[in-house]
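Hi,

Here is the structure I promised to pass on. Have a look at it first, and my notes follow below.

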Amino acid sequence: MSSFIKKLRRLRQAKVDIQADIVSVFERDPAARHELEILLTYPGIQALILHRMAHELWGRDAKFVARAISYGSRMLTGIEIHPAAKIGKRFFIDHGVGVVIGETAEIGDDVTLYQGVTLGGVSLNKGKRHPTLEDGVVVGAGAKVLGPFTVGKNAKIGSNAVVVKPVPAGATMVGSAARMITNKADSETKAKAAKPQKVLEAKQASTDETSSFNASTNELDDLKVVNAKSQHAIQQRFAKQNVKDNANLVFNAYGLSPDYGDPIADTFAKMLEHIRRSEARIDELQDAMCKLDPNFCTKHYAKLSADELSILDK
């Protein structure tokens, strides 16, 4: 008798949840007209109802049946939600085609996703791999939120944005630019391949200083031949090593890793550090000039403010 009462309560709660989901559709989609249309033609609502069934079965260790329901839901709606994903109340997926929600993703209340959104991971390790969206988050069409971090309450993520870092509450994230990322192995390969050229340049500079540009043509020609042979041998060796290493690498489906930095931001950071040191040197020169000419101190130059470029740190 008690089990029957529990089942009845679950059915009542499911009905309440579905009604709340339908109300949320009316609030967020001006094209919605009546409840029957929403239930029969809105893939987001259908995927959510089926996910709740699959999630309940997943928690009861009926994982195969849960995955079967999830698979059927994807075939029906074009939305893939892992049965283990945790989803809050009044969750709305608008249009819905191409939405992917990973296993360890957690979604709060009143969250809205548009078509093509991916809540994915960048690691093959077990455990928390997918993002957590707190209450009121809105994710625009085609956006990718990748990694085990938190998107704060009422944050907004623009269409086609790629987010791989935590988002503060109330923030708006926009933009995505594909850039070539050079890994450590590639950098070492290039550095070692360029080493013979650096040795040649150093030796040539030393010869120029000691002999006042009297180095023989034959010696330079010999060095060029040695340099060419060395570069060719190094390129062949590292090409073989790269083939061997690549065979052991696991492909990252999202092409991103938390270990990769933004090369453009890194370049700007180095430039800013160089500018900072240059300004410090200019200040020293100015102090010296002021001692020689007091009138020189009356002239000032505008310095670059770090606050103006603080976006590079975000």
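How much accessible surface does the protein chain have, and what share of it belongs to carbon and sulfur atoms? The accessible surface comes to about 20,900 Å², and 58% of that belongs to carbon and sulfur atoms (areas are from the Shrake-Rupley method with a 1.4 Å probe; for residues, only the protein chains shown count as cover).

Before you dig in: this is a predicted model, where local features need pLDDT of at least 70 and side-chain atom pairs count only at pLDDT 80 or more, while totals for chains, interfaces and linings use all residues. Residues are numbered from 1 along each chain as its sequence is written, and side-chain values use heavy atoms, with hydrogens and water left out.

On the overall make-up, the protein chain has seven helices and 14 strands (DSSP runs numbered from the N terminus: helices are H or I with at least four residues, strands E with at least two). Of its 314 residues, 29% are buried (under 20% relative accessible area with a 1.4 Å probe, protein chains only; exposed is over 50%, partly exposed in between).

Now the inside. The largest nonpolar core has 29 residues (a core being buried Ala, Val, Leu, Ile, Met, Phe, Trp, Tyr and Cys residues joined through side-chain atoms within 4.5 Å). Phe91, Ile101, Leu113, Leu133, Val139 and Val151 have the most contacts inside it. Leaving out residues up to four places away in sequence, Leu113 touches Phe91, Ile101, Leu133 and Val139, among others (contact means heavy atoms within 4.5 Å). There is also a second, separate core of seven residues, including Ile22, Ala32, Ile38 and Phe92.

Next, a sheet to look for. Four strands form an open sheet in the order E2-E5-E8-E11, with parallel pairing (strands pair if DSSP finds at least two bridges between them). Its edge strands are E2 (86–87) and E11 (150–151), each pairing on one side only. Two bridges link E2 to E5 (residues 106–107) in the parallel sense, and Ile87 has Ile107 in E5 as its bridge partner.

Ser70 sits in helix H4 (residues 63–77) and counts as buried because its relative accessibility is 11%. Apart from neighbours within four places in sequence, Ser70 is in contact with Ile81 and Pro83. Leu36, in helix H2 (residues 35–41), is exposed because its relative accessible area is 53%.
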